[in-house]
Amino acid sequence: MGTLVEVRDLKKYFNTPRGQLHAVDNVNMKFEEGTTMGVVGESGCGKSTLARTIIHLHEPTKGQILYQGQDVTYPTRKELPALREKMQIIFQDPYMTLNPRYTVEDTLKEPLVLSGEYKAGHALDKQISKLMDMVGISKRLRMAYPHELSGGRRQRVGIGRSLAMNPKFIACDEPVSALDVSIQAQIINLLMDLQEEYKLTYMFVTHDMSVVRHISHNISVMYLGQLVETSPSKELFDKPLHPYTKALISAIPSTDIDHPKKRIELKGELMSPVNPKPGCRFLPRCPYATEACRAPQQLEEVLPGHLVSCCRVKEINKDLLQKEGE
């Protein structure tokens, strides 16, 4: 497997009356072909903005976006349509992102026709039927409108639309958070089956730690626009190293009443993302914070493939790291 998409020192700032809001700040990530990178964090941490910046729904403020080694940070008008065919997105709320005046057929037909590869006729009808089969939509719903569909079916239409031009990279922006739990499982399994069959690469944005654990090969944790930890999925849950990651994992509900988990309660105020001060952005809520934390933090490899942005990580996890070294 090679690297399909890579971002280097990516930044996305928004101007506000109080200054620049640092929604995404110096993010470095690699998305390996055929794998899923989960991106987790609290609401407002910048994970959706990161996804939208990578696929150019937002234009980056600074940094680089590479697709198969080629710099696609600032594509021209001519280059953008071809890039959109390779990089797509599945939105959180399918009802808000589907045109209420379009039937299922119209929604799936639009990207095919706009690409210029298909014109009205048998080939177009065949491709629409193929997309419906891929995402599990019954043929009897071909002329149905969004308001006539359940939430799960609407999301399947959204997934079908994103797959229309055979993309390799798909940003999944909380694609199951608006669905019932039973339907969530169906959509997650559908995404995993599609990935296996078509070798898709996913960026899976969510705040649900249980979902991200199930679907992801690797996980990155975001806090106020920055990555604080990234590692293989299993290792992140077995050996969380950053204080914020530990708190997130401790909040996962448990059904084991005999051995209840100890919840880590975070105290203190959130740092403002508008013109933030240098240093660790988790500092006001971190129980381990010292003066050293006021200096800029960098992601460093603490264990093989396990990177953490915390100057005290080795001190905090001394016993765990000693066991790993033995």
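## What encloses helix α6

The cover over the buried residues of α6 includes β6 (87-90), α3 (94-97), α4 (104-114), α5 (122-135), β7 (169-173) and α7 (181-198). Buried means under 20% relative accessible area, exposed over 50%, partly exposed in between (1.4 Å probe, protein chains only). Helices (H or I, at least four residues) and strands (E, at least two) are DSSP runs, numbered from the N terminus. The model is predicted: local features need pLDDT of at least 70, side-chain atom pairs count only at pLDDT 80 or more, and totals for chains, interfaces and linings use all residues. Residues are numbered from 1 along each chain as its sequence is written, and side-chain values use heavy atoms, with hydrogens and water left out.

Ten of the 13 residues of α6 are buried, so the helix is largely enclosed by the rest of the structure. Among them are Arg154, Gln155, Arg156 and Ile159. Helix α6 covers residues 151-163 and reaches 19 Å from first C-alpha to last. That is close to the expected 18 Å, taken as 1.5 Å times one less than the number of residues.

## Nonpolar cores

The largest nonpolar core has 35 residues. Such a core is a set of buried Ala, Val, Leu, Ile, Met, Phe, Trp, Tyr and Cys residues joined through side-chain atoms within 4.5 Å. Leu112, Ile159, Leu163, Leu191 and Leu194 touch the most other members. Helix α5 gives the largest share, six residues. Apart from this core lies another, of 27 residues, including Val7, Val39, Ala51 and Val205.

Leu112 is in contact (heavy atoms within 4.5 Å) with residues including Leu124, Ile128, Leu131 and Met165, leaving aside neighbours within four places in sequence.

## Salt bridges

The structure holds nine salt bridges. Each is a side-chain nitrogen of Lys or Arg within 4 Å of a carboxyl oxygen of Asp or Glu. Arg285 and Glu42 meet in one, at 3.2 Å, N to O. Arg285 lies in the loop between α10 (243-250) and β11 (300-303), Glu42 in the loop between β3 (36-40) and α1 (47-54), so the pair ties together parts 243 residues apart in sequence. Arg285 is buried at 12% relative accessible area; Glu42 is partly exposed at 30%.

Asp125 pairs with Arg142, closest N and O atoms 3.5 Å apart. Glu105, Asp125 and Arg142 are linked in a network of salt bridges.

Glu235 sits in helix α9 (residues 233-238). Glu235 is buried yet has no salt bridge. The nearest side chain of opposite charge, Lys239, is 4.7 Å away.

How values were computed
Lys, Arg positive; Asp, Glu negative; His and termini not counted.
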